[in-house]
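Please guide me through the reading of this structure, feature by feature.

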Amino acid sequence: MTKIEIISGFLGAGKTTLIKKMLQEVFAGEKIVLIENEFGEIGIDGGFLKEAGIQITEMNSGCICCSLVGDFGTALKEVIETYAPDRILIEPSGVGKLSDVTRAVQGVAAQEPVELNSSVTVVDGQKCRMYMKNFGEFFNNQVEHAGTIVISRTQKMTEEKLEACVKMLREKNPTATIITTPWEELKGEQILAAMQHQDLLMKEELEGHLKEHGHAHGHSRGEDCGCHDHDHEHNHGEDCGCHDHDHHHHHADEIFTSWGKETPHKYSEEQLQKILAKLSDDDECGIILRAKGIVPCTDGGWLHFDMVPEEFEIRHGEADYTGRLCVIGSHLNEEELSRLFELV
């Protein structure tokens, strides 16, 4: 039986960092496949994980539920047949809805020898309030459907801020296990134990509920399944399972856009700092939620960069076949971005 772990989280929360930690500390020696659903044209995170010798299947398209319900099931079956992995890690797009991904996995689990072992959401504690307020439809969905919530960057937060963040998350999800200890202080085994314990409780609760109400598990996405909002017209086909009655209904690609470029252009570290500071501080290029990339450096070597609102980091890393840039946000001004990165 192949175990499936879904590790979701809003843009820049630290999903890839958590996956790397788990791969090094817990899943070493297991046969692992990682399925990534990147929002944006250029998959950049994959390179960081290939170093760990993990088989990666990248799906670079917007919304895992609409474009991939059929494809996702097929991809999952192919992965199982081709690699027969011990464990599949699914890293949905930062703007993906966890409820859609979970539903797609459960659909496959009804026919294939796989089980959803855990469903985790990584939340950037420092940005929790801002994302909940501005992008609640996507952010809250990830929080509400998680068995375990791992708060990142807690070492940078005051006790009061952390408590306020936990309270906000609890209001959206009263039952999830919430991990507040900084990751560096925890062993991967402790995180996995918390993830599995919580998801076991959720499974037991679900099974009890189904027995009590005499329902068969799963549904055929018929008219009354609660997945569709009849007032909202969309062109993803009647059975895409993307809608719940009690939420706003947008697809990620209606709200978020991405700008991606491959370029041999070289940047100095200082130049890159100025670009990222500008993306972080003003909105001339749009509302920037995430920027990441790998570019050649003017003094030799390669620079890897990563930005979320109000903070960014640049580090020296491995070369790539060419420089790659990816910016994700809302109302992006592509001309301004090209100018900023000196591509015009």
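**Reading the model**

Q: How many residues does the protein have, and what percentage of them count as buried?
A: Of its 344 residues, 53% count as buried; the term means under 20% relative accessible area, with exposed over 50% and partly exposed in between (1.4 Å probe, protein chains only). This is a predicted model, in which local features need pLDDT of at least 70 and side-chain atom pairs count only at pLDDT 80 or more, whereas totals for chains, interfaces and linings use all residues. Residues are numbered from 1 along each chain as its sequence is written, and side-chain values use heavy atoms, with hydrogens and water left out.

Q: How many helices and strands are there in the protein?
A: Helices (H or I, at least four residues) and strands (E, at least two) are DSSP runs, numbered from the N terminus. The protein has eleven helices and twelve strands.

Q: Which residues of H10 are buried, and where do they fall around the axis?
A: Helix H10 covers residues 269-281. Its buried residues are Leu272, Ile275, Leu276, Leu279 and Ser280. Viewed down the axis of H10, they fall within an arc of 130 degrees, so they line one face of the helix; the arc is that of the directions from the helix axis to the C-beta atoms. On the other side of H10, Glu270, Lys274 and Asp281 are exposed.

Q: What do the buried residues of H10 pack against?
A: Contact means heavy atoms within 4.5 Å. The buried residues of H10 pack against strands S9 (287-296), S10 (302-308) and S11 (311-317), and against helix H11 (334-340).

Q: In which sense do S10 and S11 pair?
A: Two strands pair if DSSP finds at least two bridges between them. S10 and S11 pair in the antiparallel sense over seven bridges, and histidine 304 has arginine 315 in S11 as its bridge partner. The two strands form a hairpin with two residues between them, and glutamate 310 in the turn has a positive phi of about 70 degrees.

Q: Which residues have the most contacts inside the largest nonpolar core?
A: A nonpolar core is a set of buried Ala, Val, Leu, Ile, Met, Phe, Trp, Tyr and Cys residues joined through side-chain atoms within 4.5 Å. The largest one has 42 residues, and those with the most contacts inside it are Ile4, Phe10, Ile90, Ile149 and Leu169. Helix H4 (residues 98-109) gives the largest share of this core, five residues.

Methods:
Expected span 1.5 Å × (residues − 1).
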